[in-house]
Amino acid sequence: MSDDGGAAIEDYYLEERLFPPPEGFVDDAVVADRSIIERAQHDFEGFWADQARALDWFDDWHTVLEWDLPFARWFVGGTLNVSHNCLDRHVAAGLGERVAIHWEGEPGDTRTITYAELLADVERFANVLKGLGVRRGDRVAIYMPMIPELPVAMLACTRIGAPHSVVFGGFSPDALRDRIDDAQAKVLVTADGGWRRGAVVALKENADTAVAEAASIEHVVVARRTGDAGGTTPMTDGRDHWWDELMSKAPESCPPEHMDAEDLLYLLYTSGTTAKPKGIMHSTGGYLTQVAFTHRAVFDLHPERDVYWCAADIGWVTGHSYIVYGPLANGATSVMYEGTPDFPDKDRWWDIIERYGVTILYCAPTAIRTFMKWGTEFPERHDMSSLRVLGSVGEPINPEAWVWYWTHIGGGHCPVVDTWWQTETGAIMISPLPGITTCKPGSATFPLPGIAAEVVDDSGKSIDRGGGYLTLTRPWPAMLRGLYGDPERYKETYWSRFDGRYFAGDGAKIDDDGYFWLLGRVDDVMNISGHRISTAEVESSLVNHPSVAEAAVVGAKDDTTGQAIIAFVTLKAGQNETAERGEELRGHVARHIGSIARPRTVIFTDELPKTRSGKIMRRLLRDVAEGRDLGDTTTLADPRVVDEIRRLSTAQPTED
Ligand code: WT7
């Protein structure tokens, strides 16, 4: 990138360019004292118990950790309430007037919500849910745009001990129905619509389609967002209720339930290597302990003066942990933005940072690479001197984007924290600590205090240096407690590949200085703009289409989104391989799963390359898709397929 002052990216590798903590950071940093790192190494249970004590507990725990591999129980016997920790205790401490959320809608409307106001809304909505028959332990599905009612609904669930299942607003009715069904949710909370690039996304319409086939739903609560702009919203009598109407009738006060530390806090569905999404289960006490600690430590949070912005959607785990639970548990002031970075123009993000005086920015490499493409002129015309810390999450950040972020957004004085974690880990696991860690662009550096990560070879032997598979060797407080309704699949997916280790699905290497470098997924999971989509999920959607005989899907390298979905499709006899058919199939997948799963390219082929045992050779297809050399193809049943696929894939231009 010429923007970087001409230095070729290889230079950063070759010189092993180091980024020590910027001047002035060390004294004031939240984790300035290295002794906590040593304490965590020697006594990780004691370390986590210290972090848990930063929360308010109704009853103390009697045992920090019970570990019956692979099932962990943290802070056993302790009771607490998440909404009490995120709201009541701050208000009780005199912080009721502190801004919890600076909310900004895509059309430019804004709301400023204090901790006292948020608490009042949460108590009322908790009573709304109770009034609809939701009891402790019942599941509530939430399908909403990025509006304040979304965190209100989540926190209200936690207040009454009803686990929530937030479904990303970009998902299709089918995806919503499957998730509601799996969780047997009783109530669905949604909105009439959401704004995206100036257009209305018809959420209620999608919700109606989903609920028509989801028998467990008894009531639907609808927040008003887009109003008449989305046309009239049909409401089903007795089943559907307007948010504001229920709120105006609900009692004001709702005491928080005393929840067991191990009670289910929420479900979040994520893609695995099969077509069926997995319901990741997160607990109450351990989860809140680790998200609160990591949010303070990794972002060097000083709640009394920072303005923090995590530019993710709450529909993903990043938003659960680092828009809602971590920041609110810490009494932080956050920015929450409804829309996309390019609406109404490419200044929007930098304008938000300038107007609110954002000090901590957390986003994904795909966003950073998009901004690089747009050019430095946009950030340059804004005063972003308020920024202190920059974070990255979702996929490996290439050194070039890291350095651009550091230089052009951080002005050369903000530490960049590359944070590795997963829906399953619940909280950040590998990351630099501002004020402590000397960074290398592109490396997530080291496991955080209290976390034990190791890279192992094929045989499961731990290696000090070099490449292999990333594993976690000890339980951690925010770890998933299992897959909803499927303990066997939990063991099989995460704990069976390497004895006694949690296998994360990622490849990683450790360099000569002991730094961790994440190398991407080694399983059949793709990463599109930091979002996980399984190849099997897209394949099963494709073969659902009446014209398709067989399909194989791979993630190919993409400069902006990290990976792009490439679908190799064999049509049934008599079907025509036309551009229109390709379009139709791309649209079919988008409708079926959601637009993030729309294949970038559909390549028609008469046959798919298979091993003699009939397994589709994804590696080869990926190589074809990325235009690389094909390598050894002798295990192919029919080697001619390769040439055929190669010919076709170069003949058909990539669509965007
Ligand atoms: C997968 C987890 C964690 C919130 C967003 C994604 C990849 C995540 C990094 C990073 C390299 C990363 C991994 C991981 N990933 N962060 N800093 N460097 N890779 O959550 O959907 O559960 O995906 O995202 O491949 O396994 P997720």
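## Exercises on cavities, cores and buried residues

By the grid rule used here, the count comes to five cavities of 30 Å³ or more. On a 1 Å grid over the protein atoms alone, a cavity is a set of points where a 1.4 Å probe fits but cannot get out, whereas a pocket is an open set with protein on both sides within 12 Å along at least five of seven lines, and lining residues have an atom within 4 Å of a point. Grid points are joined across faces, edges and corners, and a volume is the space filled by probe spheres set on the points.

The model is predicted, with local features needing pLDDT of at least 70 and side-chain atom pairs counting only at pLDDT 80 or more, while totals for chains, interfaces and linings use all residues. Residues are numbered from 1 along each chain as its sequence is written, and side-chain values use heavy atoms, with hydrogens and water left out.

**Exercise 1.** Describe the largest cavity and its lining.

*Solution.* Begin with the volume: about 70 Å³ of space lies in the largest cavity. Next, look at the lining of 15 residues, where Phe 19, Pro 21, Pro 415, Thr 437 and Cys 439 lie nearest the centre. Helix 16 (399-409) and strand 20 (416-419) are the elements that give two or more residues to this lining; helices (H or I, at least four residues) and strands (E, at least two) are DSSP runs, numbered from the N terminus.

**Exercise 2.** Describe the second largest pocket and state which element gives the most to its lining.

*Solution.* The second largest pocket has a volume of about 440 Å³. Of its 22 lining residues, Ile 37, Gln 41, Phe 446, Pro 447 and Leu 448 are the closest to the centre. Two or more lining residues come from each of helix 3 (35-42) and strand 21 (453-456), and helix 3 gives the most, with three. Sorted by class, this lining has twelve nonpolar, seven polar and three charged residues.

**Exercise 3.** Which residues touch the most other members of the largest nonpolar core?

*Solution.* A nonpolar core is a set of buried Ala, Val, Leu, Ile, Met, Phe, Trp, Tyr and Cys residues joined through side-chain atoms within 4.5 Å, and buried means under 20% relative accessible area, exposed over 50%, partly exposed in between (1.4 Å probe, protein chains only). Among the 158 residues of the largest core, Phe 125 and Tyr 325 touch the most other members. Apart from this core lies another, of 32 residues, including Tyr 337, Val 358, Leu 361 and Phe 371.

**Exercise 4.** Is Arg 581 buried or exposed, and what does Arg 581 touch?

*Solution.* First locate Arg 581 in helix 19 (residues 579-592). The relative accessibility of Arg 581 is 16%, so this residue counts as buried. Then list the contacts (heavy atoms within 4.5 Å): leaving out residues up to four places away in sequence, Arg 581 touches His 545, Ser 547, Leu 571, Gln 575, Asn 576 and Phe 604.

**Exercise 5.** Why is helix 18 described as largely enclosed by the rest of the structure?

*Solution.* Helix 18 (residues 535-543) has nine residues, and seven of them are buried, so the helix is largely enclosed. The buried residues are Thr 535, Ala 536, Glu 537, Val 538, Glu 539, Ser 541 and Leu 542.

Key: Ala, Val, Leu, Ile, Met, Phe, Trp, Tyr, Cys and Pro count as nonpolar, Asp, Glu, Lys and Arg as charged, and the others, Gly among them, as polar.
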